[in-house]
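Open the model in your viewer and keep the selection tool at hand. Colour by secondary structure before you start.

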Amino acid sequence: RATPSNSSKHFQQASHPEQRFRSTGVRGKERAQCNMSGVKKQRTDLQKSTNVVYQAHHVSRSKRGQVVGTRGGFRGCTVWLTGLSGAGKTTTGFALEEYLVSHGIPCYSLDGDNIRHGLNKNLGFTSADREENIRRVAEVARLFADAGLVCITSFISPFTKDRNDARKIHENAGLPFFEVFVDAPLDVCESRDVKGLYKKARAGEIKGFTGIDSDYEKPESPELVLKTGETTLNQCIQQVVKLLKDQNIVPSGVTEEVNELFVPENMMNLALAEANTLPALEITELDLQWVQVLAEGWATPLQGFMREREFLQVLHFNTLLDGGTINLSVPIVLPVSTENKDSLGGSDAIALVFKGRRVAILRNPDFYEHRKEERCARQWGTTCSQHPFIKMVMESGDWLVGGELEVLERIKWNDGLDHYRLTPRELKQKFKEMKADAVFAFQLRNPVHNGHALLMQDTRRRLLERGYKHPVLLLHPLGGWTKDDDVPLSWRMKQHAAVLDEGVLDPASTIVAIF
């Protein structure tokens with residue numbers, strides 16, 4: 001069915017290739033070679049190939065998986081991102097690709113716009129062309145998956161039949177297929193509208209635009225739904241990674257880069273209201289420092305204060321063993337008295353209170369014996385009570401309570417130094433802004449002396465000799481509990497500033513941040 005055109009606009013590529021509409025589309029088995037204005041048309045009813053025989057590979061998937069990527073094992077699969085234009089498919093797809101590759105998982109992202117610049121540039125937006133577009137993409141994704149890569153596809157793919165066909169292509173090849181619905185309401189997608197496509201569709205300049213005058217059939221039972229209008233990009237990535245972990249695609253040793261435990265902003269009012277109704281546990285300043293460590297992600301992958309199983313793993317093996325081997329030699333625990341245990345033992349959640357302020361919620365609390373002597377003997381090799389921290393342990397509660405932590409606010413100490421207390425994510429952003437290609441860290445609880453300075457200067461020199469262009473020093477003084485006779489933090493920070501001012505360390509390539 002060919003429609004005459006009195007304007008070339010029907011044949012111009014729209015700014016968003018996946019939404020381009022051709023009024024001269026071919027349907028069924030028509031093979032017209034040109035329309036009434038003489039312009040050649042695309043043939044979409046391609047003849048099926050005959051007299052071809054599938055040839056089996058000599059290399060098995062398991063063998064291929066041993067050499068593809070840095071983590072052994074076959075991990076080939078397809079993560080199919082579907083949703084409205086502007087829902088966040090491309091953003092999520094490329095961010096997920098970056099995350100997986102940075103963790104040694106071979107991965108490749110196929111994007112709707114990019115594919116229509118090459119493989120599918122001869123396809124328009126008729127129903128037949130859209131179906132062929134998705135079929136080709138599914139076949140390419142299958143090849144990537146068969147090669148042992150995690151293939152991420154970011155396509156509107158509005159029709160259930162096309163997505164089901166893509167799934168069947170993978171199932172017939174024995175490859176995992178995960179449909180992920182990138183679910184953002186139409187008004188949210190329109191408010192984003194970076195390319196101005198919704199505005200054009202509303203004005204009638206683009207016809208057949210999904211969500212406006214062309215239907216989007218929502219997935220009925222996707223493996224995962226990402227609410228991109230309500231959650232951050234990092235949270236979405238972690239949800240997909242969790243799905244891949246649960247399906248044994250991503251090995252358990254791959255952990256979140258930074259696992260923050262703050263309550264999301266959109267859930268804060270509910271969490272605060274709930275915290276005010278929960279039984280309260282008063283915590284010490286040292287406990288609050290551990291809340292800060294956990295909340296900011298320094299103890300990733302911990303989800304809160306250690307339960308007994310985690311506590312014993314750290315004591316005996318200096319590692320966390322569930323979900324992979326994670327180096328961690330310091331117990332991060334919350335001591336409580338027998339009185340507190342008895343009064344809070346039946347609670348599903350507890351509010352942690354510091355100086356009358358509710359700072360966090362501890363979910364599913366698990367009370368267990370505080371093996372003080374064993375803890376000290378294994379951690380320090382002695383039980384001598386003259387050791388200042390051992391003295392603190394011995395005087396603390398006879399029980400420990402573990403559980404998942406939801407922190408209600410960023411911990412601040414209001415001592416004039418909070419601007420130095422950068423979280424892991426904030427530090428990573430600063431490294432990025434400084435174009436760091438290497439980071440070397442020096443953590444100390446004393447002022448910088450000449451030996452320290454020589455070590456840091458020499459490390460920078462050696463990194464430059466190795467070819468690094470922008471090595472950055474993280475000078476990381478300890479800001480929590482230290483011995484009573486240590487130099488106070490405020491004076492140490494003044495001395496660190498003087499070291500930079502006098503050029504002993506290069507201020508342009510140094511970050512000073514309190515841990």
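Predicted model: local features only at pLDDT ≥ 70, side-chain atom pairs only at ≥ 80, totals over all residues.

You have an open sheet of 5 strands, in the order β2-β3-β1-β4-β5, with parallel pairing. Now select 107–111, which is β2, and 224–226, which is β5. These two stand at the edges. Each has a single partner strand, so one side of each lacks a neighbour in the sheet. From one strand to the next, the twist averages 20°.

**The β4 and β5 pair.** Select residues 177–182 for β4. This strand pairs with β5 in the parallel sense, over 3 bridges. Which residue of β5 stands opposite Val 180? Pick Leu 224: that is the one facing Val 180.

**Helix α4.** Go on to residues 127–146. Helix α4 lies across β1 (77–82), β2 and β3 (150–154). Against β1, α4 runs at about 145°.

**Two cysteines.** Select Cys 189, then Cys 384. Which is buried, and which is partly exposed? Cys 189 is buried, with a relative accessible area of 0%. Cys 384 is partly exposed, at 37%. Last, look for disulfides: a search of the whole structure finds 0.

How values were computed. Residues numbered from 1 in each chain as written. Heavy atoms only, no water. Disulfide = S-S within 2.5 Å. Buried < 20%, exposed > 50% of the residue type's maximum accessible area, 1.4 Å probe, protein only. Pairing = 2+ DSSP bridges. Helix = DSSP H or I, 4+ residues; strand = E, 2+ residues; numbered from the N terminus. Axes fitted to C-alpha atoms, helices over the stretch in contact; angles between N-to-C directions. Contact = heavy atoms within 4.5 Å.
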